[in-house]
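User: I would like to learn how to read pockets, cavities and helix packing in a model. Please take me through them one at a time.

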Amino acid sequence: MTRQATGPSRRGFLMLGGAAAASAAVMGLAGIAVPGGEHYGALLNGEVPQVLSEKELAVLSVAAETLVGVIPGLPSIYETRTPARIDRELSLSRGTLLSDMKASLLYLEYSPLMSISLSRFSSMGAQEREAHLRALSRSEDPLERAIYNGVRFLVFFFYYTDPRTWAHLGYEGPQVPAKFFPAGNRIENLEALS
């Protein structure tokens, strides 16, 4: 009667452990080799975060830029101040929405390192970022799809609430004059805070 193996042999276990340690070391070196916090400030386009960190706002900015892209005749996400307006909205809501968004942005930033990329999301080229977001949107992991959908929803919501984008949607604007709402998240509110 032969004995069946119920798990990896000791040698297999040691080889697997060695491979995991080597992978962790490579990922650690990749984290050191990839630009650190100093490059996040350059991605903010002059915005000062209210509740997000510089890193989180930078990742949000890069994600927004990738999701919206360049649409001829429409303002950029920087002209509409989409990332800053999302940050402003998060400062008003706090609680679970804020913590979920912070966690989602950190996952988005570091998830490429988990898929054998040697680059963080904010350091990737435009095509790599598009491919990574597409992969998250089609992922079998519901958490990854939720992260993609949550970030995408906020970006498009705040981008397309800028009046300069309305004609592109076929929307002629409100039928009554807009009033300034001090707790709002429009560009006028950001300027009032400065």
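**Pocket, cavity and helix packing**

Analyst: The largest pocket is lined by Arg-85, Thr-161, Asp-162, Pro-163, Trp-166, Pro-174, Val-176, Ala-178, Lys-179, Arg-186, Ile-187 and Glu-188. This is a predicted model, in which local features need pLDDT of at least 70, side-chain atom pairs count only at pLDDT 80 or more, and totals for chains, interfaces and linings use all residues. Residues are numbered from 1 along each chain as its sequence is written, and side-chain values use heavy atoms, with hydrogens and water left out.

User: What volume does the largest pocket have, and which classes of residue make up its lining?

Analyst: On a 1 Å grid over the protein atoms alone, a pocket is an open set of points with protein on both sides within 12 Å along at least five of seven lines; a cavity is a set where a 1.4 Å probe fits but cannot get out, and lining residues have an atom within 4 Å of a point. Grid points are joined across faces, edges and corners, and volume is the space filled by probe spheres set on them. Here the largest pocket has about 230 Å³. Its lining has 6 nonpolar, 1 polar and 5 charged residues (nonpolar: Ala, Val, Leu, Ile, Met, Phe, Trp, Tyr, Cys and Pro; charged: Asp, Glu, Lys and Arg; polar: the others, Gly among them).

User: Where does Trp-166 sit, and what is it in contact with?

Analyst: Trp-166 belongs to helix H8 (residues 166-169); helices are DSSP runs of H or I, at least four residues, numbered from the N terminus. Apart from neighbours within four places in sequence, Trp-166 is in contact (heavy atoms within 4.5 Å) with Tyr-160, Thr-161, Tyr-171, Gly-173 and Pro-174.

User: How many cavities of 30 Å³ or more does the search find, and what lines the largest?

Analyst: The search of the whole structure finds 1. The largest cavity holds about 40 Å³ of space, and Ala-63, Leu-67, Leu-108, Leu-133, Leu-136, Ile-147, Tyr-148 and Val-151 line it. That lining has 8 nonpolar residues, no polar and no charged ones. H7 gives the most, with 3 residues.

User: At what angle do H3 and H4 pack?

Analyst: Axes are lines fitted to C-alpha atoms, for helices over the stretch in contact, and angles run from 0 to 180 degrees between N-to-C directions. Helix H3 (residues 54-68) and helix H4 (residues 82-93) pack at about 130 degrees, with axes 9 Å apart. Leu-57, Leu-60 and Ser-61 of H3 make the contact with Pro-83, Ala-84, Ile-86 and Asp-87 of H4. By class, this contact has 5 nonpolar, 1 polar and 1 charged residues.

Technical notes
Helix = DSSP H or I, 4+ residues; strand = E, 2+ residues; numbered from the N terminus.
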